[in-house]
Amino acid sequence: MSNLENLVIIGAGGRGREFLECVKEVNKVNPTYKVMGFLSDYDDVLDGFECDATIIGTIKNWQPTKNEKYLLAIDNPSAREKLAKEFMDKGADFITLISPRATIQSHTTIGYGSVVLGNSVILNNTKIGKFCIIAGSTIGDSATLGDYCNTSGFTNVTNVTLGDRVYVGSHAVILNKRKIGNDALIYAGSIVFTNVKANTKVMGNPAVKVDF
């Protein structure tokens, strides 16, 4: 067990606990990581939850060392990008984590620091950018996702192009060959029939622009 890699999870909220479970799934198949614990700026974030890891330090004060690996469990794409850059500037080395329960087809690329959680399906010729979170989604044939994207549970994104920092809510569907601009937000349950411009929020079936 001494050859396990030390792993620190940045963020101890619901996403952090999901990542911890994914690490445990990986370790059951091939023991790889020793989870050191979470980083969080909130002391009480784990209160009321049963969890196999504890908070070992704050995000704002942590100094990475060369014998540690990292996962970035921050759900907000812009905040995730900011922290990724800050920690890499400090020398942090992030892992790309893929659940053994995920289905990954051939000719697919998954970027540095990204996480693919269990029950996700990524079909062939798909390109996933860096620091993306794929959470129980179907990413269809020939899709391209930019950096820092989130796709939530039961979303279906097939043969589309997502820009950077796009967030797709649960049960949303984006139809074939649509283009979604940077920083767009697709609300849960939406069906997207048209292209979506950058910095736009859409909702509904068919999805339309909303301002809230």
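The expected span of a helix is 1.5 Å times one less than its number of residues. Helices (H or I, at least four residues) and strands (E, at least two) are DSSP runs, numbered from the N terminus. This is a predicted model, in which local features need pLDDT of at least 70 and side-chain atom pairs count only at pLDDT 80 or more, while totals for chains, interfaces and linings use all residues. Residues are numbered from 1 along each chain as its sequence is written, and side-chain values use heavy atoms, with hydrogens and water left out.

**The chain**

The chain contains two helices and 23 strands. Its radius of gyration is 17 Å, close to the 17 Å that the globule rule gives for 212 residues, so the chain is as compact as a globular protein of that length. The radius is taken over C-alpha atoms, and the rule is 2.2 Å times the number of residues to the power 0.38. Of the 212 residues, 47% count as buried; buried means under 20% relative accessible area, exposed over 50%, and partly exposed in between (1.4 Å probe, protein chains only).

**Helix 2**

Helix 2 (residues 77-89) has 13 residues and reaches 18 Å from its first C-alpha to its last, close to the 18 Å expected. After the helix comes G91, which has a positive phi near 100 degrees.

Which residues of helix 2 are buried? They are P77, R80, E81, L83, A84 and F87. The buried residues pack against several strands, including strand 1, strand 2 (33-39) and strand 4.

**Strands**

Two strands pair if DSSP finds at least two bridges between them.

| Pair | Bridges | Residues facing each other |
|---|---|---|
| Strand 1 (residues 5-10) and strand 4 | five | I9 and L71 |
| Strand 12 (residues 138-139) and strand 15 (residues 156-157) | two | I139 and V157 |

Four of the five residues of strand 4 (residues 68-72) are buried, so this strand is largely enclosed by the rest of the structure.

Note on methods:
Contact means heavy atoms within 4.5 Å.
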